Amino acid sequence: MVPRTCPRGSTWCINNYTYPVIINVMRKKSKAKLKPQVLNFPDGFLWGATTASYQVEGGIENNDWTQAAREGKVPPAGIACDSYNLYEKDFYFAKSLGHNTHRLSIEWARIEPEEGRFDDKEIEHYRKVLMSLTAHGLEPFVTLWHFTLPDWFAQRGGFLAPHAKTYFVRYCGYVVERLGELANYWITINEPMFYASNGYSKGQWPPFEKNIFDFINIANVLTMSHNLVYEKIKSLRPSLQVGIAKNNICFESNKKTLNRLASKFMNYFWNLRFLNKISRHQDFIGLNYYFYKKFGSKPRLPKSDMGWDIYPKGIYNVLLQLKKYHKPIYITENGLADAKDDKREKFIKDHLRWIYQAIQEGIDVRGYLYWSLLDNFEWAHGYGPKFGLIEVNPKTMGRKVRPSARKYAKICRENLIKF
Ligand code: FCB
């Protein structure tokens, strides 16, 4: 073989024989580059983010979480992000980040601070909030109940009390009668199974019970409550779109029979049972996706700051399961705690890639709402985890857009992702 010389006597050249080898490897590498891919989302796709009243508003002192905080059982939410006052600013940010939708919740304890006493000043407050959303070009998704209960309702035994469903329907009806014309999309209940499990089986959230029977009871009461509220809303305003926000987990197993059975059972019990029971009482499905659970040994996966596995394909798996309900689907929550903001952009893109794949396979996904617009109060974890597209300074309440939020903004504006 005729030895070749290194170009211009370059010092990195180990010897005359390695040069051609290196060049060939480099050539091969450059040929192996992934073709740039452009994934176009359907016209009219909704892009945005989600928040919830107790987690961002601040100044709420009359619900079961504030009571539990006074007893030292959970951290206090205090002023939170002060979004009760700064909502215009938040919506301005959301708009400037290319969002065209936003999901928030109404605080029951503000609307009905005592049993049967409704506070019209608070209705007027939320009227301004919803009007501001529309003025900012953000399609509102309104959650009627996101985990927190007014003190009086909790003291009577919450959803396990004898007239609980009646109270809940009355509250929801009151709100929809007054504010119904300001939003098309209404979510009755956020994550019923998580509420039931954290509050009644794991004992981590109010009312801190560990009772498997109550856990099942509460899940059942919530399905019935949803159905009743659905009927109530439809009787008041038939054109409104009503659904729930359901947290579904991607369950998988290895080949062992026991593991397979466990995964099948959990998939039915956690993911599908509730949806089956409300299948004739929903106009859309709100899907919240965060978790992956494998029965049997699990592959090593990257993790969020909460230690939660990041498994984007899981969103595809759970979406495929929803096909049988023949309803439009909105991803009403998906996100991660990532204080350094070095995983968020990839997280969003990878999940969107799998959502796109599900759409190609005929799943009618119509929107994606990232959790969350702001760093906020993360329930039993307090203010530690940073889920926000926007950082919030706890002292000054100043907002600072994270770099990943700008990347997400580009996707929202262009209605596509490029890889
Ligand atoms: C969901 C909740 C939401 C937030 C995220 C991280 O389960 O609906 O309020 O806490 O998790």
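**Cavities, pockets and contacts**

Visitor: How much space lies in the largest cavity?
Guide: The largest cavity holds about 150 Å³ of space, where a cavity is a set of points on a 1 Å grid, over the protein atoms alone, at which a 1.4 Å probe fits but cannot get out. A volume is the space filled by probe spheres set on the points, joined across faces, edges and corners. This is a predicted model, so local features need pLDDT of at least 70 and side-chain atom pairs count only at pLDDT 80 or more, while totals for chains, interfaces and linings use all residues. Residues are numbered from 1 along each chain as its sequence is written, and side-chain values use heavy atoms, without hydrogens and water.

Visitor: OK, pockets now. What is the volume of the largest pocket?
Guide: The largest pocket has a volume of about 650 Å³, a pocket being an open set of points with protein on both sides within 12 Å along at least five of seven lines. It is lined by 30 residues, and Phe194, Asn198, Lys202, Phe291 and Trp308 are the closest to its centre. Two or more residues of this lining come from each of α9 (192–201), α11 (257–277) and β9 (292–295), and α9 has the largest share, with four residues. By class, the lining of the largest pocket divides into 16 nonpolar, nine polar and five charged residues.

Visitor: How much space lies in the second largest pocket?
Guide: The second largest pocket holds about 280 Å³. Its lining has 18 residues, with Asp64, Ala154, Gln155, Pro206 and Pro207 nearest the centre, and the elements that give two or more residues to it are α3 (64–70), α7 (151–155) and α9. This lining divides into nine nonpolar, four polar and five charged residues.

Visitor: Changing topic, how many salt bridges are there?
Guide: The structure holds 22 salt bridges, each a side-chain nitrogen of Lys or Arg within 4 Å of a carboxyl oxygen of Asp or Glu. In one of them, the side chains of arginine 110 and glutamate 57 meet at 2.7 Å, N to O. Arginine 110 lies in helix α5 (residues 108–111) and glutamate 57 in the loop between α2 and α3, so this pair ties together parts that are 53 residues apart in sequence.

Visitor: Are those two buried or exposed?
Guide: Arginine 110 and glutamate 57 are both buried, where buried means under 20% relative accessible area, exposed over 50%, and partly exposed in between (1.4 Å probe, protein chains only).

Visitor: Which residue does glutamate 333 form a salt bridge with?
Guide: Its partner is arginine 103, and the closest N and O atoms are 3.1 Å apart. Glutamate 333 is in strand β10 (residues 329–333) and arginine 103 in strand β3, so that distant parts of the chain, 230 residues apart, are linked. Glutamate 333 counts as buried because its relative accessible area is 4%, and arginine 103, at 0%, is buried too.

Visitor: And what about arginine 117?
Guide: Arginine 117 forms a salt bridge with glutamate 114, with the closest N and O atoms 3.4 Å apart. Arginine 117 is partly exposed, at 39% relative accessibility, and glutamate 114 is partly exposed at 43%. Elsewhere, salt bridges that share partners join Glu112, Glu115, Arg156 and Arg170 into one network.

Key: 1 Å grid on protein atoms, 1.4 Å probe; cavity = no way out; pocket = protein on both sides within 12 Å on 5 of 7 lines; lining within 4 Å. Nonpolar A, V, L, I, M, F, W, Y, C, P; charged D, E, K, R; others polar.
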